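Visitor: Please show me the protein under discussion, and then take me through its architecture.

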Amino acid sequence: MSEYVVLMEHITKTFPGVKALDDVQLHLKTGEVMALLGENGAGKSTLMKILSGVYTRDSGKMEIFGQDIVGDLNTKQAQDLGVAIIHQELNMCQHLTVANNMFLGRELIKNGRLDTKEMNRQAQEQLAKLGIMDLDPNATVGDLPVGRQQMVEIAKALLINAKVLIMDEPSSSLSNAEITEMFRIVHELKAMGTAIVYISHRLQELHNIVDSVTIMRDGKYITEGKFKDFTMEEIIANMVGREITNQFPRDQVARGKKILEIKNLNAGRMVRDVSFDLYEGEVLGFSGLVGAGRTETMRAIFGADVKESGEIILDGKKLTIRKPDDAIRQGIVLAPEDRKKEGLCTKLSIRDNIALPNLDLICNSTGKINKKIEDEMIEKGKNSLTIKMPGPDSQAGSLSGGNQQKVVVAKWLARESRVVIFDEPTRGIDVAAKVEIYQIINTLKKRGIGVIIVSSEMPEVMGISDRVIVMCNGKVTGEVDPRTVSEEEIMTYATQFGENAS
Ligand SMILES: Nc1ncnc2c1ncn2[C@@H]1O[C@H](COP(=O)(O)OP(=O)(O)OP(=O)(O)O)[C@@H](O)[C@H]1O
Ligand SMILES: [Mg+2]
């Protein structure tokens, strides 16, 4: 028998207009944690969907636990063989309970009825194996934070006795505490002999858990080996096909006049008396722990959430913003953090996604779309971001995760705004595309636009902002110069719960 639990060779897969995989190989051993790396659209998710039976390969050899897979493999067969996948975009049934989700498609039946009691018992048992004691199997999944939902997915994988677990960007929407817990669980699974394929664009975290790497580029296999035999520069160069010298480019632009003034903003529990200024040609970073109120502050400014009190002054003029449309028309736009829920209509084309918030610019007085303006707008968005896509009419949901994020950004680049707010703009985006987004931020800055960026990645917010505001528990707790501040100092502000702690 082969020494590999999974062996894939010469795998190809073509979608209409895209060769997603071209002669790719992957070798995974028992108890190994392998990082599968590559830029957005490199084919990582596609390869893993083939291994888990979601997609069928066009050609190539595939062995799972030494068993040659002849012909197509479906998801049920893959599960029976011990392969489980946690998808990049978690797809759980939000309205079902924890236990129901874990037993989906394999429900236990007693006397012709669902045996809820036994399913709950077994669900709890699996969760306990992962060291999770405080999660009610009867809780509705949609009510849980993303980190917990992910634990349910992992427990579900244990339930089907998975010996190969694929984790497609599990950390991209977790808080630091949740990531630490996930790492602990990965170590536990590994100790039980589970082999894991771990996909992530957060290269800094890999050293915590990874034994080996396989690197892909443009649908092709590039290299593999032990993680410790690569430097980070080598990994990046293999992913990108060239060296990236400056991961965080920050252009110097003279700070202009004050554009935006936020005065004593209050909105719900998470935005308490927030005040700050933003200047022309400035990138203002917002740092803090997940849940500090940064997203809520931006949503309140943008009119996505109701404000209780406070003033928003743009270019010296007090604005009334009751809904996002008011903000957009007056020159304040927001690229939200959750692209699937709020940033994109995944079923619509890329064209429609870019056109939708800009209809005021592309419709004539009778409300008819001016095709020429629309085409120019799509071109502009596409070119400024090098979105990898078959054409503007493809469905936004069929793009790779990172390319979807670029569409979210592209729709705002199509219009002239005074203030652009980015909430976690590079989540799930590869290292080269991140630099592209930073360059766009630099371009906006040079045009005299005020940019706000909310980011949980400390190196990012420190690397590209001109000034950083730190929030904790709904309040502004500090303002720092990112060129001179230490991470410790920021953490001090980020944990300053003070008298507001609840
Ligand atoms: N269902 C689909 N229909 C059409 N094209 C697809 C489909 N799924 C993937 N593709 C295309 O295949 C290519 C590889 O995509 P894939 O999702 O595997 O990339 P990835 O490496 O996972 O990227 P990311 O890091 O952004 O998630 C992309 O060009 C993508 O647009
Ligand atoms: Mg992917």
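The questions below concern the domains, the ligand shell and selected secondary-structure elements.

Guide: This is a predicted model, in which local features need pLDDT of at least 70, side-chain atom pairs count only at pLDDT 80 or more, and totals for chains, interfaces and linings use all residues. Residues are numbered from 1 along each chain as its sequence is written, while chains are lettered from A and ligands numbered from 1 in the order in which they are written.

Visitor: Between which domains does ligand 1 lie?
Guide: The protein is divided into domain 1 (4-240), domain 2 (257-331 + 416-502) and domain 3 (343-415), with bounds from an automatic or database domain assignment. Two of these domains both give residues to the shell around ligand 1, so the ligand lies between domain 1 and domain 3.

Visitor: Which residues are the closest to ligand 1?
Guide: Strand 2 (18-29), helix 1 (44-51) and helix 14 (401-413) each supply at least two residues of the shell; helices (H or I, at least four residues) and strands (E, at least two) are DSSP runs, numbered from the N terminus. In total 20 residues surround ligand 1, where near means a C-beta atom, placed from the backbone, within 6 Å. The closest are Asn40, Ser45, Thr46, Ser400 and Gly402.

Visitor: How many residues of strand 10 are buried?
Guide: Ala195, Val197 and Ile199 on one side and Ile196 and Tyr198 on the other are all buried, meaning that 20 or more other C-beta atoms, placed from the backbone, lie within 10 Å of a residue's own. Strand 10 is therefore largely enclosed by the rest of the structure. The count for strand 10 (residues 195-199) is 5 of the 5.

Visitor: Which residue with a positive phi follows helix 8?
Guide: Helix 8 (residues 294-302) has 9 of its 9 residues buried, so it is largely enclosed by the rest of the structure. Among its buried residues are Arg294, Glu296 and Arg299. The residue that follows helix 8, with phi near 85 degrees, is Gly303.

Definitions and conventions:
A residue is buried if 20 or more other C-beta atoms lie within 10 Å of its own, exposed if 12 or fewer, and partly exposed in between; C-beta atoms are placed from the backbone.
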